[in-house]
Amino acid sequence: MSGAASYEQLVRQVEALRRENSHLRRELQDNSQHLSKLENETSDMKEVLKHLQGKLEQEARVMVSSGQTEVLEQLKGGSLQMDVSSLYSLKFPEVAAGAGEDSPQHCPPHGDSAGDVGRATLRLLEELDRER
């Protein structure tokens with residue numbers, strides 16, 4: 001009789017291990033999908049930052065050419081610092097073109113895109129912060 005009980009115990013252990021294995025596979029798949037999403041968002045953020053850097057460089061050239069060098073000197077000296085955490089507290093509407101999509105349009109091809117890019121950047125930063 002102890003052989004049958006031992007066998008039944010092994011069968012229950014195997015079933016429990018199969019359930020755990022199935023659960024771990026689902027969790028691994030979910031984590032892989034989440035990682036892919038984060039990689040895509042990171043790539044999108046890099047593009048947004050490149051665009052913003054280009055806009056800042058353009059603005060700097062305009063300021064230098066117009067003689068407004070005080071702000072540039074303050075930026076170089078570090079006296080003007082942007083507190084990223086304060087950006088999270090700002091509430092901007094989502095970029096209309098990107099609302100509801102996984103890949104929002106960060107860089108509209110024309111018009112005053114600095115505001116749209118800033119809002120898209122803040123939205124992505126908020127999403128990343130929530131996922132952390």
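The following exercises, each with a worked solution, concern a predicted model of a single protein chain.

**Exercise 1. Describe the secondary structure of the chain and the geometry of helix 1.**

Step 1. The chain contains four helices and zero strands. Read from the N terminus, its elements follow the order α-α-α-α.

Step 2. Helix 1 covers residues 2-65, a run of 64 residues. The distance from its first C-alpha to its last is 92 Å, which is close to the 94 Å expected at 1.5 Å a residue.

Step 3. Just after helix 1, Gly67 adopts a positive phi of about 85°.

**Exercise 2. Determine which parts of the model carry the highest and the lowest confidence.**

Step 1. The average pLDDT of the chain is 74, and 63% of the residues score at least 70.

Step 2. Confidence is highest in helix 1, with a mean of 93. The lowest value belongs to helix 3 (residues 84-89), with a mean of 48.

Step 3. Over residues 87-112, pLDDT stays under 50.

Step 4. Where pLDDT is low, predicted coordinates should not be read in detail.

**Exercise 3. Locate the salt bridge of the structure and state how accessible its two partners are.**

Step 1. The structure holds one salt bridge. Its partners are the side chains of Glu47 and Lys50, with an N to O distance of 3.8 Å.

Step 2. Both Glu47 and Lys50 belong to helix 1, where they are three residues apart, about one turn of the helix.

Step 3. Side chains of opposite charge can pair when their charged atoms come close.

Step 4. Glu47 has a relative accessible area of 44% and is therefore partly exposed. Lys50, at 55%, is exposed, since the cut-off for that class is over 50%.

**Exercise 4. Examine Glu41: what is the nearest side chain of opposite charge, and which residues beyond four places in sequence are in contact with Glu41?**

Step 1. Glu41 lies in helix 1. It is among the buried residues of that helix, together with Asp44, Met45, Val48 and Met63.

Step 2. The nearest side chain of opposite charge is Lys37, 4.2 Å away. A salt bridge requires a separation within 4 Å, and Glu41 has none.

Step 3. Once neighbours within four places in sequence are set aside, Glu41 is in contact with Glu127, Leu128 and Glu131.

**Exercise 5. Characterise Leu49 and its separation from Thr121.**

Step 1. Leu49 is placed in helix 1. Its relative accessibility is 47%, so Leu49 counts as partly exposed.

Step 2. Leu49 and Thr121 are 72 residues apart along the chain, yet their C-alpha atoms are separated by 8.1 Å.

Definitions and conventions: Residues are numbered from 1 along each chain as its sequence is written. This is a predicted model: local features need pLDDT of at least 70, side-chain atom pairs count only at pLDDT 80 or more; totals for chains, interfaces and linings use all residues. Side-chain values use heavy atoms; hydrogens and water are left out. Helices (H or I, at least four residues) and strands (E, at least two) are DSSP runs, numbered from the N terminus. The expected span of a helix is 1.5 Å times one less than its number of residues. Buried means under 20% relative accessible area, exposed over 50%, partly exposed in between (1.4 Å probe, protein chains only). Lys and Arg count as positive and Asp and Glu as negative; His and the chain ends are not counted. Contact means heavy atoms within 4.5 Å. pLDDT is the predictor's confidence in each residue, from 0 to 100.
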